[in-house]
Every structure is written in structure tokens, then in C-alpha cells.
Amino acid sequence: MTEGLPEIESFTSAVARLLKASLPVSPGKHGFSVPTHTGFIAQDNSWCSTWEDFFRQGMVRMLAREQNVHGPWPELDELCEQLYDKVK
């Protein structure tokens, strides 16, 4: 499963370059003007003032979907709360 994974520094540098390159076309916020898709699932990536808000919004939606499909998981709920508290 780990074969073919990118080297962490080069991957994160590429993501940073992508984000910087997109700044001139964004309204000074993080997100997209249209929904994006993960496979057939539409992602609401509405504009957020900060990257942290954008990241948190996506994680909240993704983990809520996970719970809707697989049911409650107390350990994951506890970890999610810790994540949401740290990413504000």
C-alpha cells in the first residue's frame, strides 16, 4: 500500500506551490467557486476566510458521511473533537 506514495517534502512543496499559484484567481480566500468531486460524491468547498476553516469544514462533512454510512464510533468521535478543537 505504501509503494508509490510521494516523498513527503516534495509532495507538500507541490501542494504549497499549487495553493500559491491559485491565489490570483481566488477572492483572497480558501475554497472553490464550484463544487468539486471525490469520485461521484460532490464536495461543497465554499470559500472560507482561513485555510483552517476550509480544512475543518471538509473534515466535518467527510466524517459526518462516514458516521451516516457506518454508524456511531465513539473512539472516532473523541478523536474528531480533538481535531476540531486544534484546527480553529
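Gln43 is buried, at a relative accessible area of 15%, where buried stands for under 20%, exposed for over 50% and partly exposed for what falls in between, using a 1.4 Å probe and protein chains only. Gln43 sits in strand β2 (residues 41-43). Helices (H or I, at least four residues) and strands (E, at least two) are DSSP runs, numbered from the N terminus. A polar atom of the Gln43 side chain lies 3.4 Å from the backbone oxygen of Ile41. Leaving out residues up to four places away in sequence, Gln43 touches Pro35, Thr36, His37, Thr38 and Arg65, contact being heavy atoms within 4.5 Å.

A word on the source: this is a predicted model, in which local features need pLDDT of at least 70, side-chain atom pairs count only at pLDDT 80 or more, and totals for chains, interfaces and linings use all residues. Residues are numbered from 1 along each chain as its sequence is written, and side-chain values use heavy atoms, with hydrogens and water left out.

Now to Asp44, which belongs to the loop between β2 and α2. With a relative accessible area of 41%, Asp44 is partly exposed. Its side chain has a polar contact of 2.5 Å with the side chain of Ser46. Such a contact is a pair of N or O atoms within 3.5 Å; within protein, one must be able to donate a hydrogen and the other to accept it, and residues adjacent in sequence count only if both atoms are side-chain atoms. Not counting residues up to four places away in sequence, Asp44 also touches Gln57 and Arg61. Asp44 and Gln57 are 13 residues apart along the chain, and their C-alpha atoms are separated by 9.0 Å.

On to the rings. Rings of Phe, Tyr and Trp (its six-membered ring) pair if their centres lie within 6.5 Å; planes under 30 degrees apart count as stacked, over 60 as edge-to-face and the rest as tilted. That rule gives two aromatic pairs. Phe32 and Phe54 are edge-to-face, because their ring centres are 6.4 Å apart and their planes are at 65 degrees. Phe32 lies in the loop between α1 and β1 (36-38) and Phe54 in helix α2 (residues 51-70), so this pair ties together parts that are 22 residues apart in sequence. Trp51 and Phe55 are stacked, because their centres are 5.1 Å apart and their planes are at 15 degrees. These two are four residues apart in helix α2, so about one helical turn separates them.

| Residue | Relative accessible area | Class |
|---|---|---|
| Phe32 | 43% | partly exposed |
| Phe54 | 18% | buried |
| Trp51 | 40% | partly exposed |
| Phe55 | 29% | partly exposed |

Trp51 turns up again on the surface, where Phe11, Val15, Leu19 and Trp51 form a nonpolar patch with about 360 Å² of accessible area together. Patches are made of residues with over 30% relative accessible area and no salt bridge, joining like charges within 9 Å and nonpolar side chains (Val, Leu, Ile, Met, Phe, Trp, Tyr) within 5 Å. Helix α1 (residues 8-22) supplies the largest share of the patch, three residues. Phe11 is in helix α1 and is partly exposed at 44% relative accessibility.

Finally, Gln82 in helix α3 (residues 74-86) is partly exposed at 39% relative accessibility.

How values were computed:
Accessible areas come from the Shrake-Rupley method with a 1.4 Å probe; for residues, only the protein chains shown count as cover. A salt bridge is a side-chain nitrogen of Lys or Arg within 4 Å of a carboxyl oxygen of Asp or Glu.
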